[in-house]
Structure formats: structure tokens, C-alpha cells
Amino acid sequence: MFDFIPIEYYTPVFYNILLIVVFGVVLNLFTKGYTIQNLNKKEFASIWLFLAVSLYMGLRPINGVFVDMTNYNRTFEYYASGAEVKMNFDILWAIFVKFCSGIMTAPLFFLLCAVLYVFPLYKAAKNWLGKDRYFLFLMFIASFSFWAYGTNGIRNGIATSIFVLALSFYRKKYWQYVSLAMSYFIHGSMMIPIAAYILTLFYKNPKHYLLGWIVTIPISLIFGSQIEIFVTSLGLGGERLQYLTMDTKAQFSSSGFRWDFVLYSVAPLYAGYYFIIKRKFKDEIYIQLFNIYVAVNAFWILVIRAAYSNRFAYLSWFLMAVIIFYPFFKKQFFKKQQKVLAYVVLVYFGFTYFMNVII
């Protein structure tokens, strides 16, 4: 374990090392075009990044500074003591923890969790961009919520990563459906992005998805409380939707209509609008990814006043990196595209660093 790093500096160390890596990418974009030109070097860089992040995240000390990590540890010890698997909505996760508790220690369990969180993102980036996988993989890691959902919301993070992997299996439908099912049985809240995925199979017009997202804002402002009560009454997603009825007075500050979160969510919306509608980017994979993001984010807008609504926002936010950066590697949109890409990276990771380190 990396217990030689003071626990209060553990997360800042991650972001500051990542800052150096991202600045290296930006510098290369400004001076040489794409960051790593040789295919073998790109693969080596991707594997090195996967191993470094997995080890640093997975071998962190078991400490309350990572919030829910201690709860996961208690569950691990509960099953290690001989307890039977709890039959609930997240049965696959319960079976996984029970199995691990019988053959490994808690530190190894958290290392495995980190691998299951990070590897699907590496594989998805490879499936989508092939030789350019390193860049997209790095942007997944540079995302605002990446660290939090690998160290705190562990189960949700693994489920969303497997969902991303499922979307990248666009030529392997069997593996896509298996991965979607796995993501749901790891964390019941995945029913929301899965429902959006199913919707995009039948309705594909991105303009209408955008219009629908815009309409949800006045609807939420006027009828938000009633919508939250109605959705909760459906009993969908088990304990996941209990966040909607929690007392917001004593909960995380993300309760209320969060215009700052809405503005943050607009970045992929604008990217999709620019590439698909304004620049006529006719890529079926990208259009589906964009539509899924918009649909899930619209659902979050409707329940935005709920305590912990940031957890619902994450059900769309984890797709941000691919929505923003995928088109750059599929088509020439700008005269000096590499420099435009460099500026976008600066803004993208700049927000992550500001929110997680500076403030």
C-alpha cells in the first residue's frame, strides 16, 4: 500500500501528477501535433497509464478520508466472517464481494476494484479510437468525477465503466448486452442509462433530444418536487432512488436547483450540437452516445433538487470525455485542429483541477 504518502495529500498527489501528464500532452499538441506518433509507443503509454492509475488508486490506505471506502470494507469483512449473500437489486456485486472475501485480503479486494474500474475505460478507448486510444483514455482519467467514483462511489464507478465498455462493443452485440446486464446487477441505478440506450435504438434524432433537454428545465423549475415524489413512488432502482426523498437540510450541498451543475453539463451538449448539427458529423456511434448523454442528463434535470442529485448527474457525466473528444479523431473540423484540441484539454482538465484541488 502507498501508506508512506500522508493521507491528507493522497488525492492532491494524484491530481498534481496527472497535471504534469496532461501538460505534457498539451505541450506536444502545440508543438508536434498529436502527442505520441508511434503506435507501439502509444500502446506502451496506455498500458503504463492503466497500471499506474490502477495501482495508485487500488493500493490507497483503507481510510475514512475516502468516505464510502470504509463502508465497503465493512461489507467485505461481513462476508469474510461467513455471512451469506444478501439477495437484493445488486446481486452481482454481492456475489463478487462474497467471492473475493473468501480468497483475498481487503487491500487486494480494493486493488481488484480499481482494475475493474479503470480497465473497461482503457478497453473502450481502444475499441473506439484504436491507435489513438491513449488520448481518450487519459481524458477519461482527467474527468471531474473519475477519482471520486474510484475511491468513494466504488460500486457505481465500476458499473458505469462496464456500461462504457458495453457501448464500445458496437460490433459485438452479445458482449454488449452481457455488459449492460452486468452493469445493472452491480448497481441498480444503471437502469437509467440503460433505458436511455434502449430509447436511442428506436429514436435517433439528436435535435429532438436537445429540444427535450431544454424543455426539462422549465418543467423542473415548476414541477420539480412533484416529479421527484412520482419517480420515487415507482420504486425503480431500489435503494438508489431513496436519495430523492432524503432530508436536504442535512445533506450534501448539491441539493436545490444547481445552475452551476447545469452549466457544467452543457459542455457535452454544445460539443454534440457543434459537431453533429452545425458541422454535419454523421457518425452513428457518436450520435447514439450523444443521445444517451442528453436523455440521462435530462432525467437528472427533472430530479435536480434532490439531495445527492450529483449522483444522478454522474449517470451522464461519465460519458463527457468521449462526447467531447471522440470527433477530434474522426474528422478534420478546424484548420489547426491539434491546437484547438489542446485548448479544449486545458479547459477540460482545468475545471477538474480547480474543483478538486484549488477549491
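Val215, Ile219, Leu221, Ile222, Phe223 and Trp259 make up a nonpolar surface patch of about 570 Å². Patch members have over 30% relative accessible area and no salt bridge, with nonpolar side chains (Val, Leu, Ile, Met, Phe, Trp, Tyr) joined within 5 Å and like charges within 9 Å; a salt bridge is a side-chain nitrogen of Lys or Arg within 4 Å of a carboxyl oxygen of Asp or Glu. Areas are computed by the Shrake-Rupley method with a 1.4 Å probe, and for residues only the protein chains shown count as cover.

This is a predicted model: local features need pLDDT of at least 70, side-chain atom pairs count only at pLDDT 80 or more, and totals for chains, interfaces and linings use all residues. Residues are numbered from 1 along each chain as its sequence is written, and side-chain values use heavy atoms, without hydrogens and water.

Helix H11, residues 206-233, gives the most to the patch, five residues; helices are DSSP runs (H or I, at least four residues), numbered from the N terminus. Phe223 lies in helix H11 and is partly exposed at 44% relative accessibility, between the limits for buried (under 20%) and exposed (over 50%).

Finally, how many disulfides (cysteine sulfur pairs within 2.5 Å) does the whole structure hold? The search finds zero. For Cys100, the nearest cysteine sulfur is that of Cys113, 6.8 Å away. Cys100 is buried at 1% relative accessibility, and Cys113 is buried at 4%.

How values were computed. A disulfide is a pair of cysteine sulfur atoms within 2.5 Å. Buried means under 20% relative accessible area, exposed over 50%, partly exposed in between (1.4 Å probe, protein chains only). Helices (H or I, at least four residues) and strands (E, at least two) are DSSP runs, numbered from the N terminus.
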